[in-house]
Amino acid sequence: MHFLALETSCDETSVAIFTDELQILANVVASQIDLHAKFGGVVPEVAARAHLQRLLPTMDEALRQAQVKLADISAVVVMNSPGLVGALLVGVSAAKMLALTLEVPLLSANHIEAHIFAARMAAGRDIFPCVGLVVSGGHTSLFLCKTPLDFDLLGGTIDDAAGEAFDKVAAILGLGFPGGPAVEREAALGDPKAHALPRSFLKEDRLAFSFSGLKTAVLYALYGVGKTRGSAPGPGKVRADLAASFQKAVIDVLVAKARQALRKTKLARLAVGGGVSANQALRGELEAMAQHEGAEIFIPPMKLCTDNAAMAAVAVEKWRRQIFAAFDLDAVPNYQGKN
Ligand code: KG4
Ligand code: ZN
């Protein structure tokens, strides 16, 4: 069986080809960073138009790399939720067209569940039930993942997502877009103890996150309390110390809440996914915490952490259960839990 999967939820156009054995034959990602950088963030309309231009060439490249012909495709998968609705629609429409013309089944995959499934794919064995931590540009959520397709939400952010905070702090510090990798590079040069920044809900029993106050605290540390405007600092100690202190505050909270979720659920497996899990400092601290808790940890390699279509292989689980998508499948912008 060869599955062809499409991902267009945000600013990466991605097409993957994988087998029912979860072997990835191609996972091509066409990034739109060049288009959005000058705006300092993803512009939804620009993203949708770029997906339209890039999807078919990306698919051709995936087929070429996998050495598979369209006629060999046995099912088409599309990530239809959550994401930017215009961007998602490009993938959903293309997937329907492909499934109809190839006369093969259409399957949907949930982008959040797919981020956790990336950890399952990298592990090469079953990892469920587990605690799932999704840390991306749009989500910071902890789940009890009973199976690849059955998640209970344990808690999430009440305002900004962790990745969003990285992107906003990068903008404040003049580090450009995308923010995560830039803040990580800068943080490596600074002192994480230089500034005492807030760690929301750290000591509370509640499984919730809040990163919006942290972003304001970075602004105040830079320009003075109550002042939110000024020019970005150039390279040097001020910028590096703020990046390091900010990153450490985010990591402390993510690690503490993941630990709480492991203890609450009494599970000894933690799966992590989403773009922020590409952060080496976060990976290291999560690994140390899991080891201390006696839990196994599953974090996929970098290229499976950030948005990619191979993680849509969660749909293989649906195919096994004969759960196909209808041709009125919609693009659904918000995460709606059980699918
Ligand atoms: O999962 P993802 O690729 O897309 C969404 O589904 O949102 O995550 C993108 C987010 C961005 O906010 C980006 O700044 C962040 O992941 N990110 C990082 C790193 N690499 C990407 N954050 C911190 N450190 C990184 N190395
Ligand atoms: Zn994502």
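Analyst: A strand here is a DSSP run of E that covers at least two residues, and one such strand, β7, is where Ser141 sits. Keep in mind that the whole model is predicted.

User: What makes Ser141 count as buried?

Analyst: The cut-off for buried is under 20% relative accessible area. Ser141 comes in at 9%, so it counts as buried. Leaving out neighbours within four places in sequence, Ser141 is in contact with Gly132, Leu133, Val134, Leu153, Gly155 and Gly156.

User: What makes the pair of Thr140 and the backbone nitrogen of Ala162 a polar contact?

Analyst: A polar contact needs N or O atoms within 3.5 Å, one able to donate a hydrogen and the other to accept it. The backbone nitrogen of Ala162 lies 2.7 Å from a polar atom of the Thr140 side chain, so the distance falls within that limit.

User: Which residues of α5 are buried?

Analyst: Ala162, Gly163, Ala165, Phe166, Val169, Ala170 and Ile172 are buried in α5. Those buried residues pack against β6 (130-135), β7, α6, α7 (212-223) and α8. After α5 comes Gly174, with a positive phi near 70 degrees.

User: How do you know what α5 gives to the lining of the largest pocket?

Analyst: A lining residue has an atom within 4 Å of a pocket point. On that count α5 gives the most to this lining, with six residues. β3 (24-31), α4 (111-123), α5 (162-172) and α6 (179-187) each supply at least two.

User: What volume does the largest pocket have?

Analyst: About 1,100 Å³. Its lining holds 44 residues, and the closest to the pocket centre are Asp11, Ser136, Gly137, Asp167 and Asp307.

User: How do the residues of that lining divide into nonpolar, polar and charged?

Analyst: They split into 18 nonpolar, 18 polar and eight charged.

User: Which domains does the lining draw on?

Analyst: Both domain 1 and domain 2 give at least three residues to the lining of the largest pocket. The assignment makes domain 1 out of 2-115 + 306-320 and domain 2 out of 126-303. Their centres, taken over C-alpha atoms, are separated by 27 Å.

User: What makes residues of domain 1 and domain 2 count as being in contact?

Analyst: Heavy atoms within 4.5 Å do. With that cut-off, 17 residues of domain 1 are in contact with 13 residues of domain 2.

User: Why is Lys266 called exposed?

Analyst: Exposed means over 50%; Lys266 has 73% relative accessibility, so it qualifies. Lys266 is in the loop between α8 (237-265) and β9 (269-273). Its phi is near 60 degrees, a positive value in a residue other than glycine.

User: What about Gln322: buried or exposed?

Analyst: Gln322 has 53% relative accessibility, and the line is drawn at over 50%, so it is exposed. Gln322 lies in the segment after α11 (314-320), and its phi is also positive, near 55 degrees.

User: And what makes Pro129 partly exposed?

Analyst: Under 20% would be buried and over 50% exposed. Pro129 is at 37%, in between, so partly exposed it is. You'll find Pro129 in the loop between α4 and β6, touching Cys145, Lys146, Leu267 and Arg269 when residues up to four places away in sequence are not counted.

Terms used
Residues are numbered from 1 along each chain as its sequence is written. Chains are lettered from A and ligands numbered from 1 in the order in which they are written. This is a predicted model: local features need pLDDT of at least 70, side-chain atom pairs count only at pLDDT 80 or more; totals for chains, interfaces and linings use all residues. Side-chain values use heavy atoms; hydrogens and water are left out. On a 1 Å grid over the protein atoms alone, a cavity is a set of points where a 1.4 Å probe fits but cannot get out, and a pocket is an open set with protein on both sides within 12 Å along at least five of seven lines; lining residues have an atom within 4 Å of a point. Grid points are joined across faces, edges and corners, and a volume is the space filled by probe spheres set on the points. Helices (H or I, at least four residues) and strands (E, at least two) are DSSP runs, numbered from the N terminus. Ala, Val, Leu, Ile, Met, Phe, Trp, Tyr, Cys and Pro count as nonpolar, Asp, Glu, Lys and Arg as charged, and the others, Gly among them, as polar. Domain bounds come from an automatic or database domain assignment. Buried means under 20% relative accessible area, exposed over 50%, partly exposed in between (1.4 Å probe, protein chains only).
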